[in-house]
Amino acid sequence: MKAISKLHQYISAVIVVIFLIPLFGFSQPKRQKPPKRASKIKSVDQFVDNTFDLYHKVFVYDSLTQAGVEVPSEIEDALVERAERDLDSLWQVLPTIVDDMTSGNENIMRKGKATINLNKSKKALKYCIKTVKAYFVGTDEEDEEDDKN
């Protein structure tokens with residue numbers, strides 16, 4: 001009986017360690033990946049592709065600045081210009097997405113896949129907004145430090 005209880009304790013300890021290591025091991029957020037399969041609704045797929053193009057640009061810029069690499073102003077300007085184009089294309093596609101998702105023309109399975117893909121793109125857009133806001137607008141902490149000085 002003692003051997004079984006000792007074995008149970010060891011197994012419990014190993015399970016706890018296995019589940020806690022990923023929590024402590026990664027400090028940088030994971031890069032989000034675009035959906036593996038398209039929803040076959042043209043407007044949704046275009047929106048998701050444009051969103052992840054924008055996400056890629058913002059993530060690369062954020063990674064470079066966190067690593068302490070000085071980004072030349074020419075490259076930064078080009079990134080901002082391309083990001084503006086991506087945002088414009090997102091705004092152009094948005095009305096057709098609503099029409100395609102609310103119409104009864106598409107299969108319910110395609111709409112379900114489109115919803116999943118749109119949720120992934122929503123997470124990517126949240127990251128983009130948060131990151132751009134932190135770099136270009138500034139955070140509350142930076143504003144408080146400026147007020148103190």
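Predicted model: local features only at pLDDT ≥ 70, side-chain atom pairs only at ≥ 80, totals over all residues.
## Overall fold

The protein chain has 5 helices and 0 strands. Read along the sequence, the pattern is α-α-α-α-α. The chain counts 149 residues, and 24% of them are buried.

## Packing of H2 and H4

Helix H2 spans residues 42-66 and packs with H4 at an angle of about 35°. The two axes lie 9 Å apart. The crossing of H2 with H4 is left-handed. Residues in this contact divide into 17 nonpolar, 6 polar and 3 charged.

## Salt bridges

Side chains of opposite charge can pair when their charged atoms come close. In this model the count is 2 salt bridges.

One joins Asp86 to Lys57, with the closest N and O atoms 2.7 Å apart. This pair links distant parts of the chain. Asp86 sits in helix H3 and Lys57 in helix H2, 29 residues apart. Are these two residues buried or exposed? Asp86 is buried, and Lys57 is buried as well.

The other bridge is between Arg85 and Glu81, at 3.6 Å from N to O. Here both residues lie in helix H3. They are 4 residues apart, about one turn of the helix. Glu81 has a relative accessible area of 47%. Buried means under 20% and exposed means over 50%, so Glu81 counts as partly exposed.

## Nonpolar surface patch

Which residues make the nonpolar surface patch? They are Val80, Val132, Tyr135, Phe136 and Val137. The patch covers about 430 Å². Helix H4, residues 108-137, gives the most to this patch, with 4 residues.

Val80 lies in helix H3, which runs over residues 73-102. Its relative accessibility is 32%. A patch residue needs over 30% relative accessible area and no salt bridge, so Val80 passes the accessibility cut-off at 32%.

## Helix by helix

Helix H2 packs with H4 and holds Lys57 of the bridge to Asp86. Helix H4 packs with H2 and gives 4 residues to the nonpolar patch.

Technical notes. Residues numbered from 1 in each chain as written. Heavy atoms only, no water. Patch = residues over 30% accessible without salt bridge, like charges linked within 9 Å, V, L, I, M, F, W, Y side chains within 5 Å. Areas by Shrake-Rupley, 256 points an atom, 1.4 Å probe, with all protein chains shown as cover. Salt bridge = Lys/Arg side-chain N within 4 Å of Asp/Glu carboxyl O. Helix = DSSP H or I, 4+ residues; strand = E, 2+ residues; numbered from the N terminus. Buried < 20%, exposed > 50% of the residue type's maximum accessible area, 1.4 Å probe, protein only. Axes fitted to C-alpha atoms, helices over the stretch in contact; angles between N-to-C directions. Left-handed = near helix turned anticlockwise from the far one by under 90°. Nonpolar A, V, L, I, M, F, W, Y, C, P; charged D, E, K, R; others polar.
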